[in-house]
Amino acid sequence: ESSYMYFRSHAHLRRGDPELTGTAVTSLQKGRSLEATWNDLTMWAVLAGQPSVAKLLWAHTEDPLRIALMASLVCQQQAIKQHGAIADELAKQADVYQQWTLGMLNAAGS
């Protein structure tokens, strides 16, 4: 199961659900709140297949170059694992994120 599909199928999980594991769960069990960063929210939008939302969030990220590269890489990797229209859409999204990266590099070189 791809992580893209896993994310979409497990978005309903809440505190106390047995499927949750890791640091996030430990924090929730100790009563701590989870604070999402702009980076986190941007990658959530990428994984949810929402590039327009990702772009709005990306404008506020702490490290936009790294996030754009990560987004492009995630979509490229997922496109390889998919077929047909889903693979095409993920490849298109990877290109969008790659253009963000190139835009930043070109602006820095000017």
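Helices (H or I, at least four residues) and strands (E, at least two) are DSSP runs, numbered from the N terminus. This is a predicted model, in which local features need pLDDT of at least 70, side-chain atom pairs count only at pLDDT 80 or more, and totals for chains, interfaces and linings use all residues. Residues are numbered from 1 along each chain as its sequence is written, and side-chain values use heavy atoms, with hydrogens and water left out.

**Exercise 1.** Work out which pattern the protein chain follows along the sequence.

*Solution.* Start by counting: the protein chain has 6 helices and 0 strands. Then read along the sequence, and you get α-α-α-α-α-α.

**Exercise 2.** Find where in the protein chain confidence is lowest and where it is highest.

*Solution.* Confidence here is pLDDT, the predictor's score for each residue, from 0 to 100. Next, go helix by helix: α1 (residues 3–10) is lowest with a mean of 45, while α5 (residues 64–81) is highest at 96.

**Exercise 3.** Describe how helix α3 and helix α4 pack.

*Solution.* First, take the angle (0 to 180 degrees between N-to-C directions, with axes fitted to C-alpha atoms over the stretch in contact). For α3 (residues 38–47) and α4 (residues 51–58) it's about 170°, and the axes are 8 Å apart. So α3 is roughly antiparallel to α4 (the term covers angles over 145 degrees). Finally, look for contacts (heavy atoms within 4.5 Å): W38, L41, T42, W44, A45 and V46 in α3 meet V53, A54, L57 and W58 in α4.

Technical notes:
Angles under 35 degrees count as roughly parallel, over 145 as roughly antiparallel, 65 to 115 as roughly perpendicular and the rest as oblique.
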